[in-house]
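Visitor: Could you take me through this model feature by feature, giving the general idea first and then the case at hand?

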Amino acid sequence: MKKLSVEDLNIQDKVIHISRVAKVVKGGRRFGFSALVVAGDPDANFVGVGLGKAKEVPEAIRKGTEQAKKNLIRVKVHKNTIPHEQYGKSGAGYVFMKPAPEGTGIIAGGAMRAILELSGIRNVYAKSIGSSNPHNVANATLECISSLFYKGELIKRRKRRI
């Protein structure tokens, strides 16, 4: 079987959050920008998040997109939803996801919605609890979807017969 590369994927990207940061120096303030970007291929179920920093916004977005492409992970999708309920945590940000029936759509907000849309998951209930910081929510969402598994994998892990 041929291994997929980034060039083979139809990668789309979305900007989750742009923040203006300031460094105070002797002559005043020096401004810069940081961009949190999600990139993914919804058809192949790959998604990644990246952070880019630069003096101008377009350069920060470009760097964030490149970083997101390097951090791609495969998402396990079962019938256009997730296989089971799952929690994720990053810092003070907690996320909870639950499978949803066909036709429900993505019930999520902010950074979670952008990540779930680009991951190929079409139907899911999701809730962000605790911190609403986009960085924490994005990292918790990635942790949550990266720890999903199929029923067969659990049976193998427990060394049981089907």
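Visitor: Which residues of helix 2 are buried?

Guide: A residue counts as buried under 20% relative accessible area, as exposed over 50% and as partly exposed in between, with a 1.4 Å probe and protein chains only, while helices (H or I, at least four residues) and strands (E, at least two) are DSSP runs numbered from the N terminus. In helix 2 the buried residues are Ala111, Met112, Ala114, Ile115, Leu116, Leu118 and Ser119; since seven of its 10 residues are buried, helix 2 is largely enclosed by the rest of the structure. Gly120 follows helix 2 and has a positive phi, near 95°.

Visitor: On what basis are such values given?

Guide: This is a predicted model, in which local features need pLDDT of at least 70 and side-chain atom pairs count only at pLDDT 80 or more, whereas totals for chains, interfaces and linings use all residues. Residues are numbered from 1 along each chain as its sequence is written, and side-chain values use heavy atoms, with hydrogens and water left out.

Visitor: Which members of the largest nonpolar core touch the most other members?

Guide: A nonpolar core is a set of buried Ala, Val, Leu, Ile, Met, Phe, Trp, Tyr and Cys residues joined through side-chain atoms within 4.5 Å. Of the 27 residues in the largest one, Val47, Met97, Leu116, Ile121 and Ile145 touch the most other members; helix 2 (110-119) and helix 3 (134-146) are among the elements that each supply at least two residues of this core. Taking contact as heavy atoms within 4.5 Å, and leaving aside neighbours within four places in sequence, Ile121 is in contact with residues including Thr81, Leu116 and Ile145.

Visitor: Where is Thr81 placed, and is Thr81 buried or exposed?

Guide: Thr81 lies in the loop between strand 4 (73-74) and strand 5 (86-90), and is buried, with a relative accessible area of 8%. A polar contact is a pair of N or O atoms within 3.5 Å; within protein, one must be able to donate a hydrogen and the other to accept it, and residues adjacent in sequence count only if both atoms are side-chain atoms. Here a polar atom of the Thr81 side chain lies 3.2 Å from the backbone nitrogen of Ala100.

Visitor: What caps the N-terminal end of helix 3?

Guide: Asn133 does, with a side-chain oxygen 3.0 Å from the backbone nitrogen of His135. Among the buried residues of helix 3 are Asn136, Val137 and Ile145.
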